[in-house]
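Here's a walk through some charged pairs, a strand and a chain interface. Have the sequence and the model open as you read.

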Amino acid sequence: MDKPIMTGSLESSDCLITLYETDTPIIEVDTIVHDAFHDHILHLIKDVLKHYDLEHLSVRIQDKGALDYAIKARLKAAIEIYEDDSNG
Amino acid sequence: MARSYLFIPANEPRMLQNAYVFDADAIILDLEDSVAIEEKHEARHLAKSFLKDYPKDTARTYVRINTQADWLERDLACLQDLDFEGIVLPKMTLKMWETYEKTALKQGFHKPVIGIVETPEAFFELDAIASIEQIEGLILGAEDLVSGMEAKRTLEGHEILYARSMVRMACAKHHILAIDTPWTNLEEAHLQKDITHAITLGFEGKCAIHPNQVPVINEAFAPSKATIDFALRVMKKYEETSSMRFSLDGQMVDKPVLQRAEDTLKKARFYGLLKEDRS
Amino acid sequence: MKHFDALDKLLDALPLENGLSISFHHHLRDGDGVINPVLRALKKRDIKDMHLYVSSIFPSYKAIKELMESGHIKDITTNYMNGPVAQAISQNGLKGTLKMQSHGGRARAFIEGENKVDIAFIAAPAVSRQGDITGAVGKNSFGSIGYACEDARHASLKVAITDTFRDDFTPQIKGELVDYVLEVDSIGDVARMASGTLKITKDPLGLKIARETMQFLTAIKAIKQDVSFQSGAGGVSLSITKMFNDYLKRHALQASFYSGGITGVHVDALEKGLVRDLYDVQCFDRAAAKSLFVNAHHHFMCASDYANPNNEKRIIKALDIVILGASEIDLDFNVNVTTDSYNTLIGGSGGHSDTAEDAKLSIIVSPLLRARTVLIKDRVNTITTQGRFVDVLITERGIAINPLRTDLIEAIKGSDLNVMSIEELQKKAYNLTGIPKSKNHKLSAIGIVENRHGDAQDTLYKKE
């Protein structure tokens with residue numbers, strides 16, 4: 001991966017996902033609903049990465065209160081770009 | 001059956017989250033004109049995830065797809081195996097249908113389709129388009145049509161009267177839904193006037209491009225309270241007399257009037273306007 | 001009555017000492033030009049540990065923050081605050097205590113001597129030779145000066161600060177109450193008074209809530225000849241007022257009065273004969289200020305005549321319907337408009353708890369979902385208004401009626417309204433967001449919320 005892949009936005013109810021490679025993978029969750037959903041979002045991201053067998057990738061999410069369906073969609077969109085890049 | 005068809009840009013979570021809030025009878029998730037080219041990929045994922053995971057509501061849900069062959073293919077691919085009502089296919093012509101059908105067949109995609117007729121070409125094959133089996137309705141797309149004609153869209157609507165009438169007639173002939181064009185100016189009084197033209201011609205519903213248009217459309221296309229009350233009384237008297245001809249308020253009631261009353265009540269029931277059906 | 005032409009000369013004449021208590025009103029809202037210079041001058045004179053009584057705090061009142069940090073302001077008593085001062089108090093607390101009152105409660109507390117003020121500084125749009133004050137004329141006429149009446153009656157010393165001398169007006173505050181007059185170039189910028197919240201909403205969610213509210217009012221037959229009505233200046237409230245006006249017009253009805261903070265939308269109803277009288281404690285825009293001056297049925301009222309619970313003649317005692325907002329509501333219908341869920345101060349009662357308690361029908365209007373945040377909590381972070389005074393919650397996704405109001409529950413039977421219990425409405429939201437984890441932030445107390453009768457109702461805490 002040449003440069004980080006970004007999907008989504010910083011609009012209300014959306015989130016900005018940054019997918020990138022590092023030596024040690026990290027997941028950073030920065031959310032406006034920190035108390036209520038920080039841990040939940042962290043697990044959601046881990047689950048999706050695991051499902052695609054991409055746990056070596058790092059993810060940063062800047063969340064503006066996106067619901068699960070939107071977080072998953074943004075992350076999967078980034079993953080698909082990553083996979084297209086890797087295969088092409 | 002639906003009075004209002006509300007367009008929701010598929011790449012905007014803020015809009016998607018509230019898609020079912022505005023009492024539209026149908027929503028159309030839009031992958032086409034309201035999504036920028038560089039956002040198509042993300043919009044597909046968002047639409048897919050929304051249809052899969054977001055709790056369903058009573059409104060009918062459609063997806064408007066892109067017509068460019070490779071995009072159309074990707075759009076349909078991402079919509080596989082999802083629970084929604086049907087596809088809205090823009091720029092509908094027989095040639096467009098051929099492209100669509102080929103892709104749909106290849107992917108084993110079977111959903112009803114509402115076509116948007118919005119090019120001059122479409123109006124010379126309207127009968128054939130309306131006769132296609134998967135087509136469950138037609139939307140008149142006046143904005144594009146008018147620019148194709150190099151005409152000017154006006155509040156009076158003379159420029160689209162011919163097209164509007166043709167759409168209505170083709171739909172009536174083939175018993176499919178006749179859905180009126182969106183009105184793009186947000187002035188409520190103007191929308192109301194545009195709706196009146198469509199209702200006069202017999203359209204059953206209309207597209208909304210902004211949530212604030214929905215209540216206006218819903219009210220206009222629903223049978224009025226007076227109409228419902230009259231229909232209820234007609235049916236009551238019909239049951240009492242069990243005759244197809246009788247007088248009510250000094251007016252003769254015969255078969256066409258009875259038929260209309262029945263249709264009115266069917267509509268009213270469907271739109272939840274009959275209270276005894278609510279409990 | 002003594003006249004001064006410079007703030008320093010005035011301050012030389014005033015008995016200033018540590019622990020001084022001073023008061024201000026907020027009628028110029030973000031355009032106030034009196035609070036900052038007076039506070040800074042007192043700081044320069046190194047008056048420590050002051051108690052500030054200001055009816056509300058707006059973002060531009062930055063000197064408050066400076067004096068808090070330098071130790072010159074120790075305690076604050078107010079009814080509403082937002083912006084940087086609110087942020088700073090939430091973050092660090094005060095050297096002393098914060099007390100949040102209601103508009104009616106503040107008036108009561110002045111009258112009863114609970115709010116004990118040494119010097120009231122009153123920004124006055126016009127002052128006469130006799131020292132009479134009005135808000136209705138002058139360079140910076142903001143209309144009603146209702147929140148300053150009790151300060152003028154009960155503070156030990158009263159200073160009118162003005163940029164306009166005139167004699168041709170009916171006083172809102174009598175000159176005999178005023179001890180000193182200070183002439184300044186400008187008391188502020190009235191053009192900035194209406195900044196912010198005062199626009200009829202075009203936001204579809206807000207309009208949906210407004211329509212639902214009108215349907216609810218219609219279903220319970222609440223809009224009758226001679227009905228009285230109050231709503232705030234938020235976008236949704238204003239939309240409801242406009243729809244309320246339209247309803248009256250369509251049905252050839254006339255309301256008896258609209259009360260509280262008045263806007264151009266209220267004035268429009270008065271001018272069209274849809275309402276007989278306006279009772280105005282605060283003008284939210286220039287259209288209201290202008291109308292107060294010219295229309296005999298647009299009445300000025302003092303905070304005590306508006307909402308003081310011990311005043312039997314208070315206007316809102318006769319109020320039929322009030323429309324109010326919420327930043328949180330809980331399963332017992334308690335409402336929070338004071339803090340967010342992280343203890344940051346974002347508002348305050350203002351007239352919220354006063355009108356909810358007095359009006360025959362109090363309706364809370366708010367979106368159920370703001371992004372992923374659900375309005376309905378198990379327990380609100382701060383109780384601004386007690387649930388027993390709240391009758392109905394109207395959101396974009398459903399309506400909940402307080403179970404105490406069995407009459408309303410009966411009245412909506414058979415209607416098309418989307419009514420459910422507040423628990424069901426919360427569940428409906430959780431179905432979209434998931435169940436939020438709750439976390440207790442209540443570590444160090446910084447003040448209290450006092451109800452309008454003077455009892456401590458809840459505790460305010462530092463932001464984590």
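Asp25(B) counts as buried, at 14% relative accessibility; buried here means under 20% relative accessible area, exposed means over 50%, and partly exposed is anything in between (1.4 Å probe, protein chains only). Its partner is Arg3(B): the two side chains meet in a salt bridge, 2.7 Å from N to O. That term covers a side-chain nitrogen of Lys or Arg within 4 Å of a carboxyl oxygen of Asp or Glu. Arg3(B) is buried as well, with a relative accessible area of 8%. Arg3(B) sits in the segment before strand E1 (4-9) of chain B and Asp25(B) in the loop between helix H1 (13-17) and strand E2 (26-30) of chain B, so the pair ties together parts that are 22 residues apart in sequence. Helices (H or I, at least four residues) and strands (E, at least two) are DSSP runs, numbered from the N terminus.

A word on ground rules: this is a predicted model, in which local features need pLDDT of at least 70 and side-chain atom pairs count only at pLDDT 80 or more, while totals for chains, interfaces and linings use all residues. Residues are numbered from 1 along each chain as its sequence is written, chains are lettered from A and ligands numbered from 1 in the order in which they are written, and side-chain values use heavy atoms, with hydrogens and water left out.

**Salt bridges**

Over all chains, the count comes to 61 salt bridges. Here are a few of them.

| Pair | Closest N to O distance |
|---|---|
| Arg164(B) and Asp194(B) | 3.1 Å |
| Glu42(B) and Arg74(A) | 3.3 Å |

Take Arg164(B) and Asp194(B): both are buried.

Over in chain C, Glu150(C) and Arg153(C) are three residues apart in helix H6 (residues 149-154), separated by about one helical turn. Glu150(C) is buried at 3% relative accessible area, whereas Arg153(C) is partly exposed at 42%.

**A covered strand in chain B**

How many residues of strand E6 (residues 135-140) of chain B are buried? Six of its six, as it happens. E6(B) pairs in the parallel sense with strand E5 (residues 113-117) of chain B over five bridges; pairing requires that DSSP finds at least two bridges between the strands. Val113(B) stands opposite Ile135(B) there. E6(B) also runs parallel to strand E7 (residues 177-180) of chain B, joined to it by three bridges, with Leu138(B) partnered by Ala178(B).

**Where chains A and B meet**

At this interface, 16 residues of chain A are in contact (heavy atoms within 4.5 Å) with 14 residues of chain B. About 1300 Å² is buried between the two chains, and carbon and sulfur atoms give 54% of that; buried area is the accessible area (1.4 Å probe) that two parts lose on being put together, summed over both. On the chain A side, Ser13(A), Tyr69(A) and Arg74(A) lose the most area to chain B, together 44% of what that side buries. Two salt bridges are counted between chain A and chain B, one of them linking Glu42(B) to Arg74(A).
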